[in-house]
Amino acid sequence: MKKNNIQTEFLKISTAIQRNKYISAISGGLGSLMALTIIGSIFTLINSIQISAYQDFLVKIGIKSYLSLPLNLTTNLFSVYAAFAIAYNLAQQFDQDGFTAGTLSLMSFLIVTPLVTLENGYTMAIPFSWLGSMGLFVAMVIAIVSARLYVFILEKGIYIKMPNGVPPIIEKSFAALTPGFFITIIMLVVKAIFAATSYGNIHSCIFTLIQVPLQNIGSSFPALLVIMVLMSLFWFFGIHGSMVVYSVISPVLMPLMLENLAAYQAGEKLPHLITVQCLNFAGVGGSGATIGLVVAMLFSKSKRYKTLGRLAILPSICGINEPVIFGTPIVLNMTFLIPFIVAPATLFTLGYVLTIIGIMPPLNGATVPTGTPIFFNGFLMGGWQFTVFQVIACIISYFVYLPFFKKADAEAYAMEQQAEVVE
Amino acid sequence: MVKRILLACAGGYSTSMLVDRMRAVAKVKGLDVIIDATPESSINKLVEQADIIMLGPQLGHAEEGLRKKYGSKLPITTIDMMDYGMMDGEKVLDVALKLLK
């Protein structure tokens, strides 16, 4: 059956993605840093409310400089944390010690990052320039390479052999040192190679050649639209669309979001109009903009959908819609395939256009905790304008789903009536 | 003897709702079960403390891998899509109890 073949293909792809150690190390590593990005976001939001009386107050009671610290030490140091977290994750997947791999990766990342001596001649300092989102690609590459090397050397049992007569415990501790030595030497060579190029260091090179072009392509309208449709399609086949797609795109697209957040805190103009955060335009009620469907269910004729609607409305308000996806069901249900793709695509396009022409301000890059209710999360990400957009989005979602839902409801009602007659 | 049921889904949110309902049913029926939810990433850590693992339908892809790893030690199953969607705690609990026999 054709549908089954397509589903199998999607399932194969998602399984391959989720089983791939490197992709899941990156997304798992970055995911484990969520607490940091959320904390940085929340403090930034508190710190950046643009009401001059409020800002004067913050300066007056002396806490303004404190409130800006979390962002500077989370988002603006993101690559440092990521270098550790991703390496940790990858090593653990190979059943090796993540902590050691993580620290070696962290050291490696710092080795290849510019280190300066201040004017006084003796204080060493690392400029933050490459430690935040701009260094993320390098952090990912270094983490993967160093962790993989670490695992490889341990698994192959390569170690510096001690002459006979040396106590085994010394031999063992040297064995543990071997991966570290190899990695260090390799990283020093890498640093030297890039120092000889016009870029001066690996960050500058990778950022210019890879990160910037990829981010620009990835944050374009067609790319984001494709990403969104893919997410809906994965969910249609019963696969967690957001998880699978995000694990591939977020390392590429996250830095732009973080750059916006840093600018937001500094009170500067946001550098990027469109980032991956813009997928939130369509996320009212969860993937597929299902909130309209749930609202329609509350007023349904059939008992079945009325129950589901009541069950699903609160989670939907918090952006969680598995009950809707599996309970309607939307999975493999041709009745709802069209609205499931059209609704979010429409909302995304609308939000995109409104942002480009300047009616809506660009989203600020803050990471809002999953489960934050609609309208609140909109306000946190884009002010009252985005909240108003969300209201409109709910209405649009409702009308897009309505004709399709009416059909499903009528069928369900008819079945229920028949069942009652039989009884 | 206490039976420990472990549910796993992607983020844990939707599954935790189902868990609440299962616990309510278990209480009414006076069953001796401990039911917990966990995100997929933590399954390996908690598998020692479970008697059965039930996966949310969107984690179907993980079932095969988990069966290979732990299938000999404990039953592993994917929750039926409709039961999950409708958060039918009673049905899911029944499935678990049957597999635990």
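## Burial and model basis

Of the 101 residues that make up chain B, 43% count as buried, where buried describes a residue with 20 or more other C-beta atoms, placed from the backbone, within 10 Å of its own. The model is a predicted one, in which local features need pLDDT of at least 70 and side-chain atom pairs count only at pLDDT 80 or more, while totals for chains, interfaces and linings use all residues. Residues are numbered from 1 along each chain as its sequence is written, and chains are lettered from A, with ligands numbered from 1, in the order in which they are written.

Chain B has five helices and four strands, taken as DSSP runs numbered from the N terminus, with H or I over at least four residues for helices and E over at least two for strands. Read from the N terminus on, its elements follow the order β-α-β-α-β-α-β-α-α. The radius of gyration of chain B, taken over C-alpha atoms, is 12 Å, close to the 13 Å of the globule rule (2.2 Å times the number of residues to the power 0.38) for 101 residues, so chain B is as compact as a globular protein of that length.

## Contact with chain A

In chain B, 17 residues are in contact with 24 residues of chain A, a contact being two residues whose C-beta atoms, placed from the backbone, lie within 7 Å. On the side of chain B that touches chain A, the elements giving two or more residues are α1 (13–29), α3 (60–70) and α4 (81–85) of chain B, and the largest share, four residues, comes from α4(B).

Definitions and conventions:
Buried ≥ 20, exposed ≤ 12 C-beta atoms within 10 Å, placed from the backbone.
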